[in-house]
Each structure stands twice: as C-alpha cells, then as structure tokens.
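Trainee: I've got a structure to go through and a few things I'd like to ask about. Can we take a look together?

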Amino acid sequence: MKNITIGVIGAGLIGRKHLAKLAGRTDYDLVGIADVNVERAAADYPKTPVFADYRKLLDEARPEAVIIASPNQLHAEQGIACARRGIHILIEKPVTDTLDTAADLIGEVCKAGIQSLVGHHRRHHQQVRTLRAVLGERRIGDIVGVSAIWATHKPAAYFEIAPWRSQAGGGPILINLIHEIDFLRFTVGEIVAVEAIASNRQRGFAVEDTAAALIEFDSGALGTFFISDSAVSPWTSEQGLGEAPEFPFSGESNYRFLGRRGSIEFPALVQWSQSGDAQSWNEPIQAQRIHANSLDPYVAQLDHFRDIIRGKAQSLQPVEDGARSLIATLAVAEAASGNRRVELRDRSDTLASPVK
C-alpha cells in the first residue's frame, strides 16, 4: 500500500513534535512544511520543501493529509482551505479559537467529506483507553462523581517570553483545562452544565492563576476540578503519565473516579472496592492495581490518522467532537467571570453536524 503524503502547517513547539514523530515512518511521506519563519525551518529540515504561505504547500506539494499545528486563531482558516481541496486534517487542539469559527470549519469538513481528527493526544494513551474500558464495563458501578486537581507552578520565564500569557485568555483555564475537559468528556460523558470561580490573587495579573469548577455530566454524575498554575504539586496529568519531558515524572494520581461499587485513581489505575461486592462504610476497602502498557500517544495518534484516511477506522475525534470540548472549556471561563452556572445543551445543539 502506498504511503500517505503529508504536510505540516506550523513548525513551532507542537509542530516540531509532530515532525519528529513523522521522521522514519514507513506509512507517511513528508512532502512539505509551512511556517512563517522559512529560514529557520529550512535549516532544521533541509530535505523537506518549506513554504512561507501554507496555501503554496497545499497547492504545490499537493499532500493527501495535513497536520495543522499553527496558532489557534488560524486553525479554522487553514482547516477550511484544506477541506476545500479535499485534504484530510489532523488539527491541533483547541479545534479553533471561537465557536463561530468552529461551526464554519465543521460545515466545510462535512461538505467536503474529508476525514478529520482533533489532536487531543491524551485519548490515545493506553492508560486512558484502559480507564475508559473499565468505566464502560461498570466495574465500579454507576459513576457518582469525579474529583480532579491540575496544579503546578509556571516559572517567571514562562510569562516573560510570551507576555500575552499574563492577559485575558492566557491563564490555565483556556490553556490547560481544555485537555482535562476533553479527557472527562471521553471517559465520563458529555458535560451539560458548569459553575466556576477564579482568582488572580497569587500573581496579580489580568488573568486568573487559580480556578475551581463544578461540573454536571449528562449521566447525573458531578465533578469538581481545581486548577492552578501558581501552586507547587505533583498532581498534574503530565506528571502522572510522564508524557512530557518538561514535566518531571511523579507517578501520582490527580484524578479520582467514584462509583456506586468502588473507585479508581488515575493515572495510577488503582481500583478500590469491597469484597463480595459490598457497599458499606463498615466494610474494609481493598486496592487492586490495573495494568496498562505505556505507549507514545503521538505515535498512536498518527497510526489512527492513517487508519481513518485509509477507511480502516472511524475518527476517535472528528472536528465536531473537538468543538464540544471547546464549548465546555469556554463555558468554564464564562462561568468564572460571573460566578454563575452555564448550561451547555443549547450551545452543543448549534453545531452543524452531530457527533458520529
């Protein structure tokens, strides 16, 4: 079977990660890179054509598929350009920067009939797949709720090299929480309402450094989420999974899923239950570790993208599903700004195409 020709739009931090994973693969042929910094990209990737304008990449290199790893506000424009040319897209998260542009992208993707995959890479972790299977098998019974923490301390240099991070939209809700929201949707189910409160007391920036959210799922389960980029802790998904070198591995669980018949810590995958399927606070609770192999989620994501292009699999997350994670994350920011409850059902209904 012939290789899939592929291009990459954006050779920044995440684009370079994708390019590193593409190197040496026998199922993809990299035919071009588009980046505004042509000289730097050309020097780093001398064997690959580099274009300043992504349209030239699409029209001259004519790839079958493209990875869009550009700034968020460019995702919709570039995704639509790909769709109109019949090019399959793996588009980095968030799918777009606004709900209006997300709706435009969804409409064009559906009209073109191309395959799409949103790059919420955590869905491809084996630990995540194992957790989803365990919850789906109801091994801890009906899910009552989930308690989660994402807390780390971003250094001063993080804000100095990108001053926009200290302004509205640059805080942990829109930058970091979207990963966790998508993870919760994937494992627990659709989110139908949120409430939130935020604070900027630690740094005094115009944007929040800490927030707490209440989450209501369609199943009736409830969730609490504490997020902060100004607290030192071992409790982030990145540290627990060991998925990023910039986050030293802790192996600690920052999630607890609570069910009628037991609970599970994640990512350690420790299941807590009572013998004989008991449900009583008078009975001891025992721990059992669930094994899951580790794998590179970015490699698994490329495998999945290949399979959906070749018609061997359905997309784990088409653009309309990625938009639902964006809806829920923006709702948390909105709820925090007014300390109020935000309902999501009507907003999800405005998307152009239902989730497959």
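Trainee: Is Trp235 buried, partly exposed or exposed?
Mentor: Keep in mind that this is a predicted model. Trp235 sits in the loop between β10 (222–228) and α9 (237–241). Its relative accessible area is 36%, and the in-between class runs from 20% to 50%, so Trp235 counts as partly exposed.

Trainee: Which residues form a nonpolar patch on the surface, and with how much accessible area together?
Mentor: Trp235 is one of the members.

Trainee: How many disulfides does a search of the whole structure find?
Mentor: A disulfide is a covalent bond between the sulfur atoms of two cysteines. For Cys82, the nearest cysteine sulfur is that of Cys110, 16 Å away. A pair has to be within 2.5 Å to count, so 16 Å is too far for a bond. The search turns up zero.

Trainee: And is Cys82 buried or exposed?
Mentor: Cys110 is partly exposed, at 38% relative accessible area. Cys82 has 0% relative accessibility, and the cut-off is under 20%, so Cys82 is buried.

Trainee: Where does α8 bend?
Mentor: Helix α8 covers residues 172–187 and reaches 21 Å from first C-alpha to last, close to the 22 Å expected. Of its 16 residues, 14 are buried. The bend is about 40°, and it falls at Ile178.

How values were computed:
Residues numbered from 1 in each chain as written. Predicted model: local features only at pLDDT ≥ 70, side-chain atom pairs only at ≥ 80, totals over all residues. Heavy atoms only, no water. Buried < 20%, exposed > 50% of the residue type's maximum accessible area, 1.4 Å probe, protein only. Helix = DSSP H or I, 4+ residues; strand = E, 2+ residues; numbered from the N terminus. Expected span 1.5 Å × (residues − 1). Bend = angle between axes of the 7 residues up to and from the residue. Patch = residues over 30% accessible without salt bridge, like charges linked within 9 Å, V, L, I, M, F, W, Y side chains within 5 Å. Areas by Shrake-Rupley, 256 points an atom, 1.4 Å probe, with all protein chains shown as cover. Salt bridge = Lys/Arg side-chain N within 4 Å of Asp/Glu carboxyl O.
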